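Good morning, colleagues. Please turn to the sequence and the structure on the screen.

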Amino acid sequence: MKQKLLNPGPANTTESVKLAQVVDDICPREKEFGHIMHYIKDNLTYIALNGRNSLKYDTVLFGSSGTGACESVISSLPSQSKLLVLINGAYGERALKIANKYRLDVTGMEFCTVLDYDAIKTELTLKNYDYVYVIHSETTSGALNDIEKIGSFCKESNSKLIVDAMSSFAAYEIDMEKQNIDFLIASSNKNLQGMAGIGFVVCKIDELKKLKDCARTYYFDIYDQWDYFYKSDYQLRFTPPVQTIYALKQAIDETLSETVKMRYERYKENCMLLRREMKELGLQQYIDDKDSSIIITSFKNINHPKYDFDEMHDYLKLHGYTIYPGKISNSGTFRIANIGTLTKYDITNFLNTFKDYLKYYIHE
């Protein structure tokens with residue numbers, strides 16, 4: 001039985017993306033492979049500018065998880081710079097941990113689940129920060145942060161904006177130039193619907209150049225990675241995951257074919273169906289729709305003595321559906337995502353299976 005992944009990534013992919021990995025062996029130093037990577041980075045930049053080309057922005061690729069791409073930016077910031085990390089979930093906390101690991105001058109501004117934009121604006125007005133780091137879609141809770149508003153605050157305070165768009169890129173229409181984003185971080189395996197293994201950063205080139213000789217790591221030196229790409233006829237400094245690159249090219253082609261706008265509409269339809277039906281079954285969302293993304297929903301645990309998350313997880317997995325436990329400290333939640341190749345039909349079948357779980361395990 002093929003598993004339907006209702007977790008926030010890696011997501012289900014198409015058969016054509018999987019089959020794109022079945023290619024003849026090739027040395028990744030060959031020119032034709034370099035041209036594939038050039039095609040990929042150009043189109044990732046194109047998506048990050050909401051369907052425009054610009055010589056002011058470029059994409060840096062890494063053979064890594066999304067967290068590796070996050071680390072490449074944070075560890076490459078100038079040593080004298082001040083960084084503000086906005087935290088309303090585990091991924092903001094992770095960024096703070098990375099910054100502390102490299103002994104940066106960093107401040108973590110913590111919120112429960114929803115950002116307080118007035119407080120953020122005040123913080124940026126009263127103190128001088130060189131960089132602000134924020135998660136766009138915080139899958140810990142399902143919260144969606146307003147990056148355009150934060151971008152406007154950064155413009156007023158002359159701070160540079162770093163956005164972790166791991167769970168929003170290729171699902172939400174993003175325009176780095178309009179939203180005043182200097183670094184946008186994402187990966188191959190979520191809404192792009194590719195395979196895991198490629199992290200990337202779309203950068204404003206003028207800001208990227210300021211990171212020359214600043215990196216505290218060798219592998220994740222973002223400037224050297226970008227500079228070497230052009231000096232070496234479109235090669236990465238270190239061996240890339242070749243088959244994953246082919247899959248990513250196919251995934252990008254399919255994203256452009258569907259369009260980000262229509263992918264958003266498909267995800268939204270899945271999400272609204274899921275939330276509506278779960279509400280009718282008595283399940284409660286952890287945060288309101290107005291503060292939520294259309295990527296994932298956190299539900300409060302079922303208030304019943306027979307409820308056990310692991311038992312529910314295993315029942316659903318046995319019937320072909322994988323869900324996630326909660327990740328909000330002491331909140332008592334579980335999470336269901338609706339991204340990847342999932343359709344309305346898949347969500348409906350999942351809901352029928354969930355109803356069976358309630359019938360046989362909770363209300364028997």
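This is a predicted model: local features need pLDDT of at least 70, side-chain atom pairs count only at pLDDT 80 or more; totals for chains, interfaces and linings use all residues.

The largest nonpolar core contains 47 residues. Those that touch the most other members are Leu86, Ile120, Ile150, Phe169, Met176, Leu184 and Leu192. Helix α2, residues 31-48, supplies the largest share of this core, namely seven residues. A second core of 35 residues is separate, and includes Tyr91, Ile162, Cys203 and Leu208.

Which residues does Leu86 touch, if we do not count those up to four places away in sequence? They are Gly92, Met109, Phe111, Leu115, Ile120, Val132, Tyr133, Val134 and Ile150.

I turn next to strand β2, residues 57-63. Six of its seven residues are buried, so the strand is largely enclosed by the rest of the structure. Its partner is β10, residues 198-204, and the two pair in the antiparallel sense over seven bridges. Within that pairing, Tyr57 has Lys204 of β10 as its bridge partner.

There is also an open sheet of three strands, in the order β11-β14-β13, and the pairing is antiparallel. The edges are formed by β11 and β13, the latter spanning 324-325; each has a single partner strand, so one side of each is left without a neighbour in the sheet. Between β11 and β14, which covers residues 333-337, there are five bridges. Ile296 stands opposite Ala337 of β14.

Is Ser298 buried or exposed? Its relative accessible area is 1%, so Ser298 is buried. Its side chain reaches the backbone oxygen of Thr140 at 3.4 Å. Beyond its neighbours within four places in sequence, Ser298 is in contact with Thr140, Ser141, Gly142, Gln284, Gln285, Tyr286, Ile328, Phe334 and Arg335.

A further serine, Ser75, is found in the loop between α3 (66-74) and β3 (82-87). Ser75 is buried because its relative accessible area is 0%, below the 20% cut-off. A polar atom of the Ser75 side chain lies 2.6 Å from the backbone oxygen of Glu71. Setting aside neighbours within four places in sequence, the contacts of Ser75 are Tyr102, Cys214, Ala215, Arg216, Thr217 and Phe220.

Finally, I come to the backbone. Most residues other than glycine have a negative phi, and most peptide bonds are trans. Against that background, the peptide bond from Gly9 to Pro10 is cis, with omega near -5 degrees. Pro10 is placed in the loop between β1 (4-5) and α1 (15-19).

Asn158 is not a glycine, although it has a positive phi of about 60 degrees. Asn158 sits in the loop between α6 (147-157) and β8 (160-164), and is exposed, with a relative accessible area of 58%. Asn180, likewise not a glycine, has a positive phi of about 60 degrees. The loop that holds Asn180 is the one between β8 and β9 (183-187). At 22% relative accessibility, Asn180 counts as partly exposed.

That concludes my presentation, and I thank you for your attention.

Methods. Residues are numbered from 1 along each chain as its sequence is written. Side-chain values use heavy atoms; hydrogens and water are left out. A nonpolar core is a set of buried Ala, Val, Leu, Ile, Met, Phe, Trp, Tyr and Cys residues joined through side-chain atoms within 4.5 Å. Buried means under 20% relative accessible area, exposed over 50%, partly exposed in between (1.4 Å probe, protein chains only). Helices (H or I, at least four residues) and strands (E, at least two) are DSSP runs, numbered from the N terminus. Contact means heavy atoms within 4.5 Å. A polar contact is a pair of N or O atoms within 3.5 Å; within protein, one must be able to donate a hydrogen and the other to accept it, and residues adjacent in sequence count only if both atoms are side-chain atoms. Two strands pair if DSSP finds at least two bridges between them.
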